[in-house]
Amino acid sequence: MSTLHPVETDAVREEERTDRVLRAAMVDKLRDWGGVRTGPVEAAMRAVPRHVFVPSVTLEQAYELDSVVTHRDESGRAISSASDPGVVAAMLEQLDARPGHRILEIGAGTGYNAALLAELAGPAGQVTTVDIGADIAAGARRALGAAGYDRVRAVHGDGEAGHPERAPYDRIIVTAGAWDVPPAWREQLAPNGRLVVPLRIQGVTRSVALELDGAVWRSVSIVVCGFIPMRGPSAMEETNVELGAAGSGVWLRVDDGQPIDAAALGRALTGAPVLTWSGVVVPWAPMTHLDFWLAGVAPICRVLVSDRAREAGLVDPIYRWGSMGCYTDGSFAYLVRRPAPGDTGQEMVELGACAYGPDGERLAGEAAGRVRAWGVARARDELTGLRIEVHPKESAGDPAAMITANKRHSRVFVTTTGG
Ligand SMILES: C[S@@+](CC[C@H](N)C(=O)[O-])C[C@H]1O[C@@H](n2cnc3c(N)ncnc32)[C@H](O)[C@@H]1O
């Protein structure tokens with residue numbers, strides 16, 4: 001028998017009503033925007049109460065299309081969060097989990113995604129989720145229990161090793177930025193299985209759905225995303241090099257152990273910039289995969305900027321966080337935009353490249369040329385021609401690859417049919 005006080009009952013009812021309304025609105029938005037594409041993912045997102053997994057924020061915030069940071073390290077860096085529901089939905093679509101599947105998630109976090117996986121796998125399926133933070137795994141276990149998903153097993157461990165105890169898995173989904181595809185994931189995947197992983201390639205992250213073809217992982221879909229990097233003994237330190245004087249607020253992010261001459265690039269930033277406009281005019285929206293096209297000029301990087309550096313006019317990148325770019329020994333370029341006229345009612349921008357350093361003129365010109373090649377591929381709807389393959393370490397190079405990234409266990413190739 002209920003012992004709730006009448007006032008509490010009203011409050012609980014009101015919270016449940018608000019939760020249902022907000023959750024339905026969130027899923028409607030995701031469906032309209034295209035993040036949710038199939039019935040099972042839609043049903044799962046309608047079923048799981050996200051607010052139970054993020055109790056530190058208001059009900060309204062729990063259903064915004066935004067991530068919720070739940071844990072930080074001593075330096076204040078986010079180490080765990082509930083991912084943005086848009087990214088969660090897009091990755092579940094990539095995963096194609098079916099009733100009866102055995103699923104492994106690496107990165108339990110709040111437990112929210114594991115609950116969604118439990119909905120997709122159904123009562124005949126099995127979900128295991130692993131987190132490297134003992135307290136985080138325990139928190140996920142509690143939240144899963146509170147939301148009625150105690151059939152999910154949330155365990156503490158390093159996901160680099162998978163979770164051999166319950167292998168093989170029909171699906172493995174990684175919800176932290178991975179530097180590589182370790183052997184355990186291949187060994188623990190069932191025949192015809194699928195791995196979805198946010199893979200870091202030279203400072204850029206893509207959620208890649210991979211299937212095995214012999215010893216080679218081949219992408220079946222690629223989605224733009226950003227993720228908290230994986231931690232643990234196998235993690236690589238993220239390389240963010242601040243350019244110029246300390247506190248300049250301009251960083252270059254490069255990964256995969258790429259060499260970088262920070263002092264020379266810092267000197268370059270104090271010189272005059274070279275600006276080249278491409279003539280490519282596009283709607284103001286994410287510039288999907290444009291970073292990979294820049295690899296034809298020089299190694300790619302992210303140019304990250306602080307609000308202060310942008311407001312001071314030191315740099316003027318495409319996005320608030322910065323821009324995609326490329327660099328050589330002592331020069332670098334990043335992409336810029338300016339308003340352009342258009343008759344579709346959409347905000348239009350022209351893309352260009354801004355470069356610094358002795359090689360700046362060449363870099364800006366060639367980067368603008370690659371923007372044109374990307375623009376052609378985009379107009380021909382060829383951006384979906386992008387492929388990512390993860391080969392064994394000893395694999396010979398692919399001469400047609402736009403990018404070759406040498407990892408600890410593998411070699412990653414990015415290829416395209418467009419441009
Ligand atoms: C973005 S959060 C995951 C979000 C989660 N799926 C959810 O629904 O809330 C990333 C998580 O990965 C975990 N993580 C990082 N490195 C890991 C590793 N090597 N093995 C397992 N988990 C890891 C972090 O502790 C963090 O909780």
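Reply: One definition comes before the questions: a polar contact is a pair of N or O atoms within 3.5 Å, and within protein one must be able to donate a hydrogen and the other to accept it. Residues adjacent in sequence count only if both atoms are side-chain atoms. The model discussed here is predicted.

Me: How many residue pairs are in polar contact across the interface of domain 1 and domain 2?
Reply: The domain assignment places domain 1 at 6–224 and domain 2 at 239–379. Pairs across their interface count here with both residues at pLDDT 80 or more. The number of residue pairs in polar contact is 4.

Me: Which strands each supply at least two residues of the side of domain 1 that touches domain 2?
Reply: The side of domain 1 that touches domain 2 has residues that divide into 5 nonpolar, 2 polar and 2 charged. The strands that each supply at least two of the residues on this side are strand 7 (189–201), strand 8 (204–213) and strand 9 (216–224).

Me: What is the area buried between domain 1 and domain 2?
Reply: The size of an interface is often given as the accessible area lost when the parts come together. In this model, 9 residues of domain 1 are in contact with 11 residues of domain 2. Carbon and sulfur atoms give 50% of the buried area, and its total is about 970 Å².

Me: Which residue meets Arg-200 in a salt bridge?
Reply: The rule finds 2 salt bridges across the interface of domain 1 and domain 2. A salt bridge needs a side-chain nitrogen of Lys or Arg within 4 Å of a carboxyl oxygen of Asp or Glu. For Arg-200 the N to O distance is 2.5 Å, and the partner is Asp-255.

Me: Which strands do the buried residues of helix 9 pack against?
Reply: Helix 9 covers residues 262–269, and its buried residues are Ala-264, Leu-265, Gly-266, Ala-268 and Leu-269. These buried residues pack against strand 11 (250–254), strand 14 (322–327), strand 15 (332–340) and strand 16 (348–356).

Me: Is Ser-83 buried or exposed?
Reply: Ser-83 sits in the loop between strand 2 (78–82) and helix 5 (85–95). Leaving out residues up to four places away in sequence, Ser-83 touches Arg-50, Asp-66, Ser-67, Val-88 and Phe-227. Because its relative accessible area is 18% and the limit is under 20%, Ser-83 counts as buried.

Me: What is omega of the cis peptide bond that joins Ala-167 and Pro-168?
Reply: Pro-168 is found in the loop between strand 5 (153–156) and strand 6 (169–174). A cis peptide bond joins Ala-167 to Pro-168, and its omega is about 5°.

Me: What is the relative accessible area of His-289?
Reply: His-289 lies in the loop between strand 12 (274–283) and helix 10 (290–294). Its phi is positive, about 65°, although His-289 is not a glycine. His-289 is buried, and its relative accessible area is 6%.

Me: How many residues apart in sequence are the parts that Arg-171 and Asp-96 tie together?
Reply: The side chains of Arg-171 and Asp-96 meet in a salt bridge, with 4.0 Å from N to O. Arg-171 is buried at 7% relative accessible area, whereas Asp-96 is partly exposed at 27%. Asp-96 also has a positive phi, near 55°, in a residue other than glycine. Arg-171 lies in strand 6 and Asp-96 in the loop between helix 5 and strand 3, so the pair ties together parts whose separation in sequence is 75 residues.

Me: Which residue forms a salt bridge with Arg-77?
Reply: Arg-77 is partly exposed, at 45% relative accessibility. The closest N and O atoms are 3.4 Å apart, and the partner is Asp-73.

Me: Which residues do salt bridges that share partners join into one network?
Reply: A search of the whole structure finds 20 salt bridges. One of them links Arg-310 and Asp-307, with the closest N and O atoms 3.4 Å apart. Those two are 3 residues apart in helix 11 (residues 307–311), which means about one helical turn separates them. The network formed through shared partners joins Asp-28, Arg-31, Glu-42 and Arg-46.

Note on methods. Residues numbered from 1 in each chain as written. Predicted model: local features only at pLDDT ≥ 70, side-chain atom pairs only at ≥ 80, totals over all residues. Heavy atoms only, no water. Domains from an automatic or database assignment. Contact = heavy atoms within 4.5 Å. Buried area = accessible area lost by both parts, 1.4 Å probe. Helix = DSSP H or I, 4+ residues; strand = E, 2+ residues; numbered from the N terminus. Nonpolar A, V, L, I, M, F, W, Y, C, P; charged D, E, K, R; others polar. Buried < 20%, exposed > 50% of the residue type's maximum accessible area, 1.4 Å probe, protein only.
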